[in-house]
Every structure is written in structure tokens, then in C-alpha cells.
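Please find below a colleague's note on the structure, arranged as numbered points.

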Amino acid sequence: MPHFHSQAKPNSAVVAVTLRCNSRCVMCDLWKTKEREIMQPKDYRRLPLTLQDINISGGEPFLREDVDEIVNEIHDHNPRARIGISTNGFLPKRIEEQVKRMWLGVSIRVSIDGVGEAHDLVRGIPSGFDKCVETLERLRRIGIKDLGIGITCSSYNSEQILAVQDYAKRHDLKFNVQVAHDSPSYYGDHPAIRASVATIKPQVEAIIHDNFNSNSPREWGRGLFHIGLVELMEKQSRLLSCRAGEQFFYLDPYGNVFGCLMRGDLKMGNLLEQKWQEIFCEQEEVWNAARQCAQCWMICSSKPVVHTQPIKVIKTIMSSLVRYRLMSALKGMCKSLSS
Ligand code: SF4
Ligand code: SF4
């Protein structure tokens, strides 16, 4: 193996196993893709062993008949990595059948963009919400422990955040919120349906309040993510600078490796033609471009960089713990004085 001056060891990856999709979302054009994927289950053994977190996404991953084989190959190759699948949840029976054949330690996240018809409006699928509910019930019945839902906010559903969070709480599901992002190379551009800060901020602030009034450090981590989300929307800047191509990357269904899924200009190589060690070395151009970029703030681009900027993380968490707990104490005092 040649010696490289600079070598990245990514800890996290988004792996799109197909770009085909059976949804008709207002904020994403991927469903218009007809192209078939090239990567085969065994090819995923070429992924770096440094990965601790592998998110299988799409398109809709369960449209592939061999997604169970893909998960099992990845788990066999790298048993310590967390493997998650993001799905639109519109194929309940098929999802159950495929998941039953997989390593059952897999985490699954179903997209829920509103409760009831609000979800169907965003996703363009009649009775889509009911299908997602059926998928979640089936997955729970077969023993999937790490189950969650996530909302992607646009102008269509930006008032639904707390309703979806409440659904998650009532059904003991993990919950995640993100905003729809524009990207010519992935989701496509939809500036007309961007969610407004004025609608989103008070709802996310309420979630941050809960996060920092909890005694769980995991909740504080979620709070940090939500603070970053508000910062991106208000100031178009990132709470933690990006490390795309170093700490994380995006792999498409044709073996192409990019710094992230949003930027098609940050191509680093091809996993079917090169070893990962070659792809992740001497990529200063990509790494520098990412460090200066503030185009997104998503779980896949924020969680993998937390350990790279510990002082900023600790300061933000400490000041938020003081701020939100003081706010709670003051509210409590006012209530008791007025009663
Ligand atoms: S957001 Fe997801 S479910 Fe919707 S069209 Fe895009 S890939 Fe499909
Ligand atoms: S901030 Fe820029 S480089 Fe980093 S993940 Fe987002 S779009 Fe990619």
C-alpha cells in the first residue's frame, strides 16, 4: 500500500442503494429516476471498516429485492457498525418480508410529514399515512427495537412538527425533524416551497426546551442538532463546520463516492474501481470546499462531526442547559405567584 500524506477515516456514510422511488414527494424529484442500480450486495463489502454508522437510503431502498442481502453483507463485513434504513413506508407487507430476512439489529426510520391527510398531501400517495402506520406496526411485531419517524418540513407541512412529535411520543418512536433542502444533484431545487423560519422556529424551540430540561445527555445531543437547524434557517450558517469527505460521505447506487449527497461537484472516486483507502486520501480540494460550505444541516452531516469540535459542542450544551432550565424555573415561579 503506498504511503499517503493525508488520509481520512470516515465514521459515517449515507448509502443510496437505488434512486428509484414509489413516492411522489413535493420536495424531491428522485422519484422521476428510472435508472437501474449497479452495486450488487457483495460490492458493499468494499465499504471502509472505519464506519460506525451506515444509513441505507434511496430513493426507496425496499424497491430493491435484495436489500436484505445488502444489509446482511454489510453487517457480516462490519459487525460493529450501526446500520439504519430510511424508508417512505409505503410497502408494508414487502418491508416486513424483507426485514424478517435481515439482521434484526437494524434501525428503521419511516418518513412521516404530517398526521393523516397532511402526510398524504406532501407525499402524493393516497392513504400514505395509513400505510406508514401499518409498516411501523408490522416492524414492531417482528421485533425491530430501534424504530423511529422523521418529518421533512416544507411550506406544505411546516405547522405539523409538534403533531408528528406528539405521535412519536404516544407510540414510543424516536423522532427527528429536518427541513427540505435544495440540491440540483439529489433532491432537485424547490425554492417556492421552502418552509418559513417564523413558522418553524417556535415549534423547534419548544422541542429544544424539552431536550435541555431532560437529564439524558442523548437528549442534549438532540438539542444541539435542533439549535443547529434554527441557526441554518436564520443565519444560513452551520453551528459546526462541515467535514464532508473526511468524517462522512455519500455512496450512490453506481459506486460513485461523493463528499455528501447534496453536492454532486464533490466527487471523490468510485468504490467499484478503487479501494476506499485510495478514494479517501489527498482530497484537500473536497475537504476545503466542505469546510466552507453551509448549504445544509442534517443528521447525516452534523452527527459525524460532533467529536471534531468538542469545545464548541460543550459550550453550546452548557449555555443551553442554563438558559432553558432557567426559563423553566421562571415559568414555574410566575405560575405559582399568579395562582
Ligand atoms: S424524499 Fe424520499 S420518498 Fe420522497 S421522492 Fe425523494 S427519495 Fe422518494
Ligand atoms: S454543508 Fe455542504 S458540503 Fe457539508 S454536507 Fe452540507 S451540502 Fe455537503
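1. Basis. This is a predicted model, in which local features need pLDDT of at least 70, side-chain atom pairs count only at pLDDT 80 or more, and totals for chains, interfaces and linings use all residues. Residues are numbered from 1 along each chain as its sequence is written, while chains are lettered from A and ligands numbered from 1 in the order in which they are written.

2. Ligand shell. Around ligand 1 stand Cys 21, Ser 23, Cys 25, Cys 28, Leu 30, Trp 31, Gly 58, Gly 59, Glu 60 and Asn 88 (a residue is near a molecule if its C-beta atom, placed from the backbone, lies within 6 Å of it). This shell comprises five nonpolar, four polar and one charged residues (Ala, Val, Leu, Ile, Met, Phe, Trp, Tyr, Cys and Pro count as nonpolar; Asp, Glu, Lys and Arg as charged; the others, Gly among them, as polar).

3. Cis peptide. Gly 58 and Gly 59, both in the shell of ligand 1, are joined by a cis peptide bond with omega of about 20°. Gly 59 belongs to the loop between strand S2 (53-57) and helix H1 (67-77); helices (H or I, at least four residues) and strands (E, at least two) are DSSP runs, numbered from the N terminus.

4. Ser 127. Although not a glycine, Ser 127 has a positive phi of about 55°. Ser 127 sits in the loop between helix H3 (117-123) and helix H4 (128-141). Ser 127 counts as partly exposed because it has 14 C-beta neighbours inside 10 Å (buried means 20 or more other C-beta atoms within 10 Å of a residue's own, exposed 12 or fewer, partly exposed in between, with C-beta atoms placed from the backbone).

5. Gln 236. A positive phi, near 50°, also occurs at Gln 236, in the loop between helix H7 (217-235) and strand S7 (248-251). Gln 236 is exposed, because 9 other C-beta atoms lie within 10 Å.
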